[in-house]
Amino acid sequence: MFSLHVHKPLSATLRTLTLVHFSRTLSDVSNQKPSETTSFIHPTAVVHPDAVIGQGVSIGPFCTVGSSAKIGNACRLYPGSHIFGNTELGERCILMTGTVVGDDLPGRTVLGCNNIIGHHAVVGIKCQDMKYKTGDECFLEVGDNNEIREHTSIHRSSKSNEMTVIGDNNLIMGSCHIAHDCKVGNDNIFANNTLLAGHVVVEDYAHTAGATVVHQFCCIGSFSFIGGGSVVSQDVPRYVMVSGERAELRGLNLEGLRRRGFSMQEELENSIQEYIHAHCWVVV
């Protein structure tokens with residue numbers, strides 16, 4: 001007679017200890033601070049031998065780095081973040097857990113220095129434009145010092161002669177979407193769930209409140225403010241506030257202008273009013 005030995009499952013205590021040990025391992029890796037000249041790559045990370053890795057880079061567990069990737073000095077990839085395709089990261093970029101940067105498509109994704117990409121954000125992937133043709137090159141360029149928060153999506157251009165562009169010093173909060181061929185300037189703030197359709201242009205120092213939707217090909221002027229829950233279907237002039245289910249002009253963005261050091265002289269206000277009337281907006 002053969003005796004059948006059944007292995008009992010791990011006890012609850014042992015399972016707990018195992019999970020605690022694994023969590024501590026991930027924490028230790030996340031807090032790993034490589035020297036200025038050496039890099040740290042966790043044994044579970046998959047890094048293609050052709051990838052270019054700078055000095056002082058930290059790549060955590062279960063990360064993926066493709067063959068055409070270039071990672072600048074002192075970048076940090078948290079566990080489970082991924083870089084695909086022809087993608088370049090500038091120095092001191094941080095990719096949080098679940099981030100995907102780049103795509104295995106013709107074209108290129110370029111991020112400047114000091115950018116933070118939040119948890120499960122996707123940056124530089126294929127656009128959602130039906131006009132995109134498989135095999136076409138598509139491009140995304142992101143400047144320096146941007147904070148792109150969790151679950152945000154930023155798509156590459158729809159054509160080889162176009163480019164999606166994000167400037168410098170922008171705060172793009174959670175679950176925002178920036179579609180193909182958008183041009184975003186510098187020092188803008190997009191609150192949660194701001195959605196920019198294709199070919200939207202945002203100048204500098206604009207501010208959107210939460211759940212703002214902007215129709216394709218619209219232009220958002222510098223120093224403007226868009227109220228929460230607004231649907232923007234035409235250009236927003238500089239210096240103004242708009243809001244509403246179909247956004248309407250609500251006046252000058254006086255507080256925003258004061259914060260940026262503008263003087264509220266009558267001459268400035270008159271010139272702004274002329275600008276507003278030239279764009280056929282009606283003050284509500």
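**Reading a predicted model, step by step**

Modeller: This protein has three helices and 31 strands; helices (H or I, at least four residues) and strands (E, at least two) are DSSP runs, numbered from the N terminus. The model is predicted, so local features need pLDDT of at least 70 and side-chain atom pairs count only at pLDDT 80 or more, while totals for chains, interfaces and linings use all residues. Residues are numbered from 1 along each chain as its sequence is written, and side-chain values use heavy atoms, with hydrogens and water left out.

Biologist: What is the mean pLDDT of the protein?

Modeller: The mean pLDDT is 88, and 80% of the residues reach 70 or more. pLDDT is the predictor's confidence in each residue, from 0 to 100.

Biologist: Where does pLDDT stay under 50?

Modeller: One such stretch is residues 1–10, for which the model has one contact beyond four places in sequence. Another is residues 16–23, again with one contact beyond four places in sequence. Contact here means heavy atoms within 4.5 Å. Where pLDDT is low, the predicted coordinates should not be read in detail.

Biologist: Why is cysteine 218 called buried?

Modeller: Let us set the value against the cut-offs. Buried means under 20% relative accessible area, exposed over 50%, and partly exposed in between (1.4 Å probe, protein chains only). Cysteine 218 has a relative accessible area of 4%, so it is buried.

Biologist: Which residues is cysteine 218 in contact with, leaving aside its neighbours within four places in sequence?

Modeller: They are His199, Val200, Val201, Val232, Ser233, Gln234 and Asp235. Cysteine 218 itself is in the loop between β26 (213–214) and β27 (219–220).

Biologist: What makes alanine 74 count as partly exposed?

Modeller: Alanine 74 has 36% relative accessibility, so it counts as partly exposed. You will find alanine 74 in the loop between β6 (70–71) and β7 (76–77). Its phi is near 65°, a positive value in a residue other than glycine.

Biologist: And why does tyrosine 205 count as partly exposed?

Modeller: Its relative accessibility is 30%, so tyrosine 205 counts as partly exposed. Tyrosine 205 lies in the loop between β24 (201–202) and β25 (207–208), and its phi, near 60°, is a positive value in a residue other than glycine.

Biologist: What share of the protein's residues count as buried?

Modeller: Of its 284 residues, 43% count as buried.

Biologist: What is meant by a nonpolar core?

Modeller: A nonpolar core is a set of buried Ala, Val, Leu, Ile, Met, Phe, Trp, Tyr and Cys residues joined through side-chain atoms within 4.5 Å. The largest one here has 45 residues, and Ile178 and Leu196 touch the most other members. The elements that give two or more residues to this core are β15 (138–142), β30 (240–243) and β31 (248–252). Beyond its neighbours within four places in sequence, isoleucine 178 has contacts that include Ile154, Ile166, Val184, Phe190 and Leu196.

Biologist: How do you know that β9 and β12 pair?

Modeller: Two strands pair if DSSP finds at least two bridges between them. Three bridges join β9 (residues 87–89) to β12, and the two run parallel. In β12, valine 110 is the bridge partner of glutamate 88.

Biologist: What order do the strands of the open sheet have?

Modeller: The nine strands follow the order β3-β6-β9-β12-β15-β18-β21-β24-β27, with parallel pairing. β3 (52–53) and β27 are the edge strands, as each pairs on one side only. Strand β21 (residues 183–184) is joined to β24 by two bridges, and lysine 183 stands opposite valine 201 in β24.

Biologist: Why is strand β12 described as largely enclosed by the rest of the structure?

Modeller: Strand β12 covers residues 107–111, and four of its five residues are buried, so it is largely enclosed.
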